[in-house]
Amino acid sequence: MKNNHSSLRAQSKTASLIKLIVAAVILIVLIVMPFVGGAYIRNILILIFLYMAVSQMWNLLAGYTGLVSLGMQAFIGLAGYVLALTTQQYGKPIWLAFILAAVIAVVFALIISLPIFKMKGVYFTIGTWIIAEALYVFFANWAFVKYSIGYNITVAYRMNLNTFYYLCLVIGIVSIAVVLFILRSKTGLALMAMRDNEDAAEVRGVRLYRTKLMCFLIASVVTAIAGVALYLNLAYIRPTNAFSIEWTVSMVFIVIIGGIGTIEGPIIGAIIYVLLSQILYNFAGYSNLILGIIAVILIMVAPKGIMGYLEERFAWDIFGIRRRIKPKS
Amino acid sequence: MELLIQSIVTGILLGGLYAIVGLGLSLVFGIMGLTNIAHGNLMIMCSFIVMVFGTVFNGNIILMLVLAIACMVVFGFLFQNFLVNKVIDKGPNPALLVTFGVSIVIQNALQLIFGADARSIKSAFATVNVVSSDYVSISGAYLANFVVAVVVIVLLSLFIKRTRMGRAIRASANNVRAAELMGVNTKLMYSVTMCIAMATACIAGLLVGNTFVFYPYSGPQYLIIAFGVVVIGGMGSIPGTLLGGIILGLAQLLGSYFFGTGYQIFSGYIVMLILLTVCPAGLLSNAKRK
Amino acid sequence: MSEYILRAENLSVSYGDFRAVTNASLKVKEGSITALIGANGAGKSTLLSAIMGEHKPTEGHVFFEDREVTGLKPSVIVRNGIAMAPEGSCIFDEMTVRENLLMGCYQKRAAAKKNELFEKVYSLFPILKEKEKQLSSFLSGGQRQMLAIARAIMADPKMIICDELSLGLAPVVIGEIYEKLTEINKEGVTFLIVDQDVGRSLEYSDYSYVMVKGGMVMEGPSCDLPIEEVKDAYFGINKYA
């Protein structure tokens, strides 16, 4: 028995060593990419990082916390407007926009948490969406943000694109790290318990409200920071695009395609989504249509997404979220 | 003062339209516990279908409607039978996401086929004022919306309450196992429910197209209205949709009266959020555990 | 046509890796009351649900009136003339008593005789007539069980299957329900009853089967079965453990 355990442990050690090496190689490739890959690849990678980051957050809520939100565009839109106002209206630097966006996201998330955390299940889903729509109508009628005219974010043209690339890379990595950290902590265990059986978890003393709220706040902040970067990339903002459900639509696509409730899912999903949108770019109008059809087919045949399928088939688990009982020596 | 009365009257009449927009959503939720995210886009699809038949048959409104309903009932059956029924036993999320995917497909397909232009459905009574006095004027379209909505809601309530099939549908919602043991094909009842929901969506689509202009991307806007109606009235309650519609209509019109026209929709949303917070299960909730 | 209205031959049912019923056979003679006895978890309800088509058996066949019905959907099987009175919780508690009964005669054949059937059911269970406008969630346990049986009668069936007939009921009520069953049986309806009350099952039935751990261990005319041995089997004592 003892031998068996130690060989098991040795196996898992080599496995994690291999994972580490692979991760390091990928990271090095991503770091040198701007110098070898050219502007087009750099731009695609930026999009992948950012979409992956926001999808990680949607997945944290929908896949792990059971909070299916259709209102994440509220945070992206707010972040975009913070960027536009700080840099265009007040001529302040970009980094300030990131900080302000994060702060405003937390405050806004805290405020809306009061009503929406009273709503359960599908009511939560609807409530979040209504909030985002209300923001849209409000901004479209608000003189301070120039009504529906919006802003061109000119500072985006003057920034160093390589720096921007690294910033997005960091945002992407941080989003993964945040989710990993949460899931490996005690909170993560509570989350799993909660997702599996809310009532039972509550009885067992899991502080549901605080756990949910914490995840919601974290998701809001990361989404807002990624939102600033997304609008630096887009370089203009209007209420229609800022608070568009399209943002959340893409998050849902990415998470479903990749696999809901897995960390790998949003990564795979984001790569597929961004590449597919690029390929379908030339068939304007068809791209969302085809993505929609793909999503429906995937839910029908592989409801757990690509990652869920691989996990079931080959017991893939890159990040090791699942807790293994440590063998006693 | 005149304006206030006008706002109230218009709000209530608009509420009738909103009620029928939300009716199908409420029915589907009440019977199979499914939140049909595609409802808004399906309704707008109905508007387009009615419009197409309208140009073909030169505005015979009954014929347009009957043909459109026939199309949508077939569509609803296929949608339920081959997509939703396959995943509805796998927990709430897969079915929700299927309707989400279908919603995106419909919206983009409409945009491809019809372009992004504003459309409307012309009819003889759309522009006529039925009542016009010093205090209040009522347009034919709004009055027709309200009357049709009330009639449809009453008929549907009676159907669900009194008929053999209505009972079987309720039985399927109440206890799937017992219903199957009585010889009810519950999945078929789900499909029938979806077909009925699509028929009401057709009527809603006609009325919306007759009252306002619509675009291929108008769906989500009406989905939110439907949500609001259903959430206020209580998910699954058929009479509740009328109450929900009227409250929402009044909220919008009074919001616009007090805060300016720009805030019409905004105040609707705020009232929805407040009501959702205060009574999270709706005013006349009849939601089924699923 | 054979004298058996229902035949289940060598049925096996599994839930995933767990085998709930193994190679169980059961025959119900037309016009009889047949009992299926067994402890909790012996696989009785699983066997019934396999007969009714709620679970697909992994092996074996089910014949009703010599027609094979294996693997058909429950809604199809009941059309052949089997009605099931599931455990008391399986009534439509959001509908009135009368609506529940109307669901009983959902099939066209029974619906044609609706009034006649209502009369029959109400004379058997007057309490249900009294409460016909009430929501069935307000009924007591015994009344729910009566409703379940009455609803089965409304289907005008050739055979009624009763699951967990006396579960959670007071002894007086159990006696009353068994008396009603005998009454209905005299009019030609075959019964297959599943019950935990060994004494009464044997007393009221013509033929009994005893199930232990997913398999049949004993069968015979109810009056001939040694009650002590049936109880041993039931409680899992000595050779049946």
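This is a predicted model: local features need pLDDT of at least 70, side-chain atom pairs count only at pLDDT 80 or more; totals for chains, interfaces and linings use all residues.
Residues are numbered from 1 along each chain as its sequence is written, chains are lettered from A and ligands numbered from 1 in the order in which they are written, and side-chain values use heavy atoms, leaving out hydrogens and water.

Okay, back to C and B. Chain C puts 24 residues into the contact and chain B puts in 20, where contact means heavy atoms within 4.5 Å. Which residues of chain C lose the most area to chain B? They're C:Phe92, C:Glu94 and C:Tyr106, together 31% of what that side buries.

There are two salt bridges between chain C and chain B. By that I mean a side-chain nitrogen of Lys or Arg within 4 Å of a carboxyl oxygen of Asp or Glu. C:Glu99 and B:Arg170 form a salt bridge through their side chains, at 2.8 Å, N to O.

Now the other interface, chain B with chain A. Of the two pairs of chains in contact, A and B share the most contacts. Chain B brings 38 residues and chain A brings 31. The buried area is about 3300 Å², and carbon and sulfur atoms give 84% of it. On the chain B side, B:Leu97, B:Phe100 and B:Leu112 supply 16% of the area buried against chain A, more than any other three residues.

What about chains A and C? Those two don't touch, and their nearest C-alpha atoms are 16 Å apart.

Over all chains, the whole structure has 14 salt bridges. Look at C:Arg7 and C:Asp66, whose side chains meet in a salt bridge at 3.0 Å, N to O. That pair links distant parts of the chain, 59 residues apart: C:Arg7 sits in strand β1 (residues 4-15) of chain C, and C:Asp66 in the loop between β4 (59-64) and β5 (67-68). Helices (H or I, at least four residues) and strands (E, at least two) are DSSP runs, numbered from the N terminus.

On to helix packing. In chain B, the axes of α5 (residues 140-162) and α10 (residues 238-259) come within 8 Å and cross at roughly 160 degrees. The axes are lines fitted to C-alpha atoms, for helices over the stretch in contact, and angles run from 0 to 180 degrees between N-to-C directions. So α5(B) and α10(B) are roughly antiparallel to each other; the cut-offs are under 35 degrees for roughly parallel, over 145 for roughly antiparallel, 65 to 115 for roughly perpendicular, and oblique for the rest. Among the α5(B) residues in that contact are B:Phe146 and B:Ile160, and the α10(B) ones include B:Pro239 and B:Leu242.

α10(B) also meets α9 (residues 219-233) of chain B, with axes within 7 Å and a crossing of roughly 115 degrees. On the α9(B) side you'll find B:Ile225, B:Val229, B:Ile232 and B:Gly233.

Last one, in chain A. Helices α2 (residues 73-89) and α3 (residues 94-116) pack at an angle of about 140 degrees, their axes 9 Å apart, so α2(A) and α3(A) are oblique to each other. Residues meeting there include A:Phe75 in α2(A) and A:Phe108 in α3(A).

Note on methods: Buried area is the accessible area (1.4 Å probe) that two parts lose on being put together, summed over both.
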